[in-house]
Each structure stands twice: as structure tokens, then as C-alpha cells.
Amino acid sequence: MTRARYALLAAAAVLGTLAAAPPAPDGWTAAPAAGRPYAYLEGPAGSVLEDTLSVTNPGARPLTVTLTGEGPAAVAFAARTVTVPARTRADVPFAVTLTAATPPGEHRGTVRASAGGRRTDVDLRLKVSGPRLAALTVEDARVDRATGTLHYTLVNRGSTVLDRPRLAVRADGLLGTLLDRPGQALPLTLRPGERAARTAPWPDPPALDSVTVRLTATAPGATPATATAETVFASGPALASAAAVLLAAAGGAARAVRAVRRRDRDRRRTKGAPA
């Protein structure tokens, strides 16, 4: 819809006299035309969808109303400010522009009318047609070696809303599995294109080990997504204990070597003694 047409519609907004008895003073209303409970628009991404908002002034004085729109798509009115004569209704056209990147599915917004220190919100519901794709990825996986906390980011790469995705965690060390946590639902809702940085606790990580952590995220309709992170745990006390064990083992080996040498030396002396 062009600006010229909007200007024309604004200048020629339909004004109808109220047939019913007027309500209490200052009880102005704003609602979708034709008495609908909410504005409903449907179309593909990249299109412009049109509707009409009716503002009713039952009072004895003219009413100046300011119109705004909020939501996932741009809302443009034939006139942002409308003066409605007393005991009259003004029908104001508006248009919602869906960008080419608007994902398919249900979207919610608001058309708002404000006047005299009061505002009225009208529910705006959009249905964008097109293929629906559920896709989830796990990114930026890493392990905090100081605490064992797992850091990761979930990203909705599809065109549908993902509600309460699940995350499973598995950690394997040099000697076997250290952590095997089945999928748990996350209190999270991801809209298309949305990212969520999250953490997962590991209450008892190893003190000394080389570990591979595998994070697997699932959501209804989406292929399971996996990310891995590798790290080496090596705390000071663990290193000291390992060093003590190695030193003890080395000391034991040295003593064993010395004992073998003494036996060999004694054996040679015995063989060389006179009969």
C-alpha cells in the first residue's frame, strides 16, 4: 500500500454515527472492524496484509487518538493520530508488512490506541504460510576446568518455535565413562533464529583426567544435535599425589635394582671363593 493511498484513506476515514445508546462518558473503545474480538491476518512472508481498526467516541467532545503497533512485523496506519468527533466512530486502515525472512507459523502482536491518559490494546494475530522446519544446534561447548561447569549455546535454526528442548550429557575419561546424564527438559522456549547461552553443572568432576564431553540436544521434529568439548583436569593436589606415587614407584624400582645387583655380586664372589 503506497503512502499516497494511506493519505487518501486517512482523509476519507469512514465516520459512522452510533446507533446504540452511548455508554458512560469517556468510555471510548478501539477494536477490529466488524466487531471481531481480535485482528487476524494471514499470508506468505514478504507480503503486505491489510485490516481496519474502529475507534468509537461516545462522548460529547472530540477525541484525539494516537495509534501504534508492536510485534514481529511493521505496522503502518493510514494516520497515526486520528481525531474522532463526538458520538462518532472512525475506521482507520492499517497494514502489516511481513519481511521475506519472517518464519512460517503463528505470530502475535498488538495494535494500540491511546487517548486521554488511557490506552486500549487490540490483539493482532498473524499466520505466515510456508514450509515448517524444526532444527536445533548446540554451539560454543566448553568445560570450566576449575568448577566442571559445562557451557553451551542452543540455537533455533528452523522456522518453528521449539518448546522445552532436552539435553543429555556424557563425559568419558581415559579409564571409562565419568558422567552419563539422560536427556532432561529445559525450561526454555526458542523462537526461530533465537539463541540461548546456558550452563549445566557437573558436581563431581575428576581431579586428574583427560575428558571428552558430549552434549546432545533434542526437540520434537528436529534431528538430534551434538557438540563435543575436550579438556584436561589437573588440580594441584592431584598432581602432587600423582608425583608422590611416581616417586614412590621410582624409589621402589631403584631399591629392587640395587638388590638384584647385590645378589649378582654375592653370587660371583661365592663362585670365586676357594673350595
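A salt bridge here is a side-chain nitrogen of Lys or Arg within 4 Å of a carboxyl oxygen of Asp or Glu, and the structure holds 12 of them. Before we go looking, note that this is a predicted model, where local features need pLDDT of at least 70, side-chain atom pairs count only at pLDDT 80 or more, and totals for chains, interfaces and linings use all residues. Residues are numbered from 1 along each chain as its sequence is written, and side-chain values use heavy atoms, with hydrogens and water left out.

**Stop 1: the whole chain**

Start with a cartoon view. You will find 2 helices and 19 strands, taken as DSSP runs numbered from the N terminus (helices: H or I, at least four residues; strands: E, at least two). Of the 275 residues, 35% are buried; buried means under 20% relative accessible area, exposed over 50%, and partly exposed in between (1.4 Å probe, protein chains only).

**Stop 2: the cores**

Now select Val 55, Leu 67, Phe 94, Val 96 and Leu 124. These have the most contacts inside the largest nonpolar core, which has 29 residues. Such a core is a set of buried Ala, Val, Leu, Ile, Met, Phe, Trp, Tyr and Cys residues joined through side-chain atoms within 4.5 Å. Among the strands that each supply at least two residues of this core are S4 (48-57), S8 (88-97) and S10 (118-129).

Zoom in on Val 96. Leaving aside residues up to four places away in sequence, its contacts (heavy atoms within 4.5 Å) include Leu 41, Leu 49, Val 75, Leu 124 and Leu 126.

Then select Val 143, Ala 200, Trp 202 and Ala 227, which belong to a second, separate core of 28 residues.

**Stop 3: the charged pairs**

Which residue forms a salt bridge with Asp 123? Select Arg 125: the closest N and O atoms of the pair are 2.8 Å apart. Asp 123 is partly exposed at 22% relative accessible area, and Arg 125 is partly exposed at 27%.

Move to Arg 195, whose salt bridge with Glu 139 has its closest N and O atoms 3.4 Å apart. Arg 195 lies in strand S17 (residues 195-200) and Glu 139 in strand S11 (residues 136-143), so the pair ties together parts 56 residues apart in sequence. Asp 140 also forms a salt bridge with Arg 195, at 3.5 Å between the closest N and O atoms. Asp 140 is exposed, at 51%.

Finish by selecting Glu 70, Arg 112, Arg 119 and Asp 121, which salt bridges with shared partners join into one network.
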